[in-house]
Amino acid sequence: MKSVDAHLADILATVRPLAPLELELERALGTTLAEEVTAPLPLPPFDNSAMDGYAVRAADIAEVPVTLPVIDDVAAGSDELRAVGPGHAVRIMTGAPVPAGADTVVPVEWTDGGTASVTIERTTGPGNAIRRAGEDVQAGEVVLAPGTAIGPAQLGIIAGVGRRRVWVRPRPRVVVLATGAELVEPGLPLGPGQIWDSNSFTLTAAVRETGAEGFRADTVGDDPAAFLDQLDAQLVRADAVITSGGVSMGAYEPVKEALGPLGTVRFEKVAMQPGMPQGFGVVGEDRVPIFALPGNPVSSYVSFMLFVRPALRKMCGLPAGPPETETAHVIGALRSPQGRRSFLRGTLASDGTVSPVRGQGSHQLAALASANALIVVPEDVTEVPSGTAVEVIRL
Ligand code: AMP
Ligand code: MG
C-alpha cells in the first residue's frame, strides 16, 4: 500500500498554481495576489488632522487658557487653505489637511468649541494630533507581496493605493460529481435500497471553505458511459474535479471503470483508515486534475482534508502541505489497524484533551458531524492508552 505522505506528494507534484489574471477589485476577494502592489504616493498623501479641533501654532498656546480668533474652517477634502498666522486658529476636522503655519492640533474637547474665536483650556507641544504624510507607507513602498491571500483588509490597501484592478491567481473552479445508483436528491422521497446523497454537499462546502469555487453537478448512477458524459460536460468549467464513490474493489465502480482505461488516472490503495481506495490523475485536453474519492461519507471528507485541500491551496498559489496538527491528550483508549494511518473522529476540548466520538464507522456521518477534530494514529501504532499525547487535525 502507498503511504498517505507519498500520495499527497504525488498530488502536489502534479497540480500547478492557476495562471494569473487581472480582476476588478470587487471580484478579487478570496484570490491570491500575483503581483507586487506598491504605493504610487505616500500614505497619507499629506499631513492631516487626526482629530476634530483647532490648528494653531504651539507657541501661541504655551500659556492657557488663551482665546484666539478663528480665521477659517477646514473640512476633510478642503483644498483652499488659509495659512495660520501668529495668534490665529483654524477650525479643522479629522482628515482635513493641516494648513501652512500651524504646527499642532488642539482637540475640540480641550476648548469651548467656538467658531468666531476659541478659548483653549489645555496646552500641547508641536505635532499633536497630526498624521504625517507617509506615516503609513512611503511612496514606492511595497504594501503587499505576491502570494498574499486577499481578504477585506488587503483589498482595502489595494484600493487605498489607488488601484482599480489587480493581478491575482483566481479561485479554482471545482466541480463535485457524486456517483451511485442508490443516490437520491435530498428533498425527494426514498425508494427501497436508496439513500440521500450527502457527499456532494459536504465536498462542495469543503471546496468553498478552502477558498475555491464549488459547483455541485447532478449525480450520476453506476454506468461508466453516463459518468464520462457528465464528466465531459462538466470539464468546460472545471479547474479540478472531485468525484465520490465508484472507486473500490467491487463491481459497479463507474469512476474506476471509466477512468482506469484512460491511463492518466491511477487507482491505488493508500494506507489509511478511513479512505483506503483513492484515485488521482488528470483528464481532458487541459489535463484537469481529478480526485476520485471513495464513497463512504467519512472517507470522502477525510480524503478531501488530507489530499484535496492541500492541492486546492497550491492551485490558489498558497503554501500547501499536509494538514496542520496540534497535540492533545486523548481521553479513552484508541485502536487502530496495523500498517494504516488512522484518522479517528474526536471532540477536541479547550483544556487540550480530545475524546473519540461514538461511531467510528466510515459510514457514520452523524458521528462525523458531532466531531471537531481528527485524531491521527500512526501506521505502526495499534493501541493508544487513555492519557497519551496524540496529534489532531482540527476540522
Ligand atoms: P462506493 O465507494 O461507491 O462503493 O460507496 C461506498 C459507500 O458510500 C456506499 O455505502 C454508498 O452508498 C455510500 N455513498 C456513496 N456515495 C455517496 C453519497 N454521495 N452520499 C452518501 N453516501 C454515499
Ligand atoms: Mg458506489
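The side chains of Lys 2 and His 7 are joined by a polar contact of 3.1 Å. This comes from a predicted model, so what follows describes a prediction. Lys 2 has a relative accessible area of 15%, and because the cut-off for a buried residue is under 20%, Lys 2 counts as buried.

Now to the ligand. Ligand 1 is found in the largest pocket. The shell around ligand 1 holds 16 residues, and those that come nearest are Glu 182, Asp 197, Ser 198, Gly 246 and Gly 295. Sorted by class, this shell is made up of nine polar, five nonpolar and two charged residues.

Several backbone atoms come within polar reach of ligand 1. Ser 198, one of the residues that come nearest, places a backbone N or O atom 3.1 Å from a nitrogen atom of ligand 1. Asn 199 also takes part through its backbone, with a polar atom 3.3 Å from a nitrogen atom of the ligand. On the oxygen side, a polar backbone atom of Asn 296 lies 3.2 Å from an oxygen atom of ligand 1.

How values were computed
Residues are numbered from 1 along each chain as its sequence is written. Chains are lettered from A and ligands numbered from 1 in the order in which they are written. This is a predicted model: local features need pLDDT of at least 70, side-chain atom pairs count only at pLDDT 80 or more; totals for chains, interfaces and linings use all residues. Side-chain values use heavy atoms; hydrogens and water are left out. A residue is near a molecule or strand if one of its heavy atoms lies within 4 Å of it. A polar contact is a pair of N or O atoms within 3.5 Å; within protein, one must be able to donate a hydrogen and the other to accept it, and residues adjacent in sequence count only if both atoms are side-chain atoms. On a 1 Å grid over the protein atoms alone, a cavity is a set of points where a 1.4 Å probe fits but cannot get out, and a pocket is an open set with protein on both sides within 12 Å along at least five of seven lines; lining residues have an atom within 4 Å of a point. A molecule sits in a cavity or pocket if more than half of its atoms lie within 2 Å of its grid points. Ala, Val, Leu, Ile, Met, Phe, Trp, Tyr, Cys and Pro count as nonpolar, Asp, Glu, Lys and Arg as charged, and the others, Gly among them, as polar. Buried means under 20% relative accessible area, exposed over 50%, partly exposed in between (1.4 Å probe, protein chains only).
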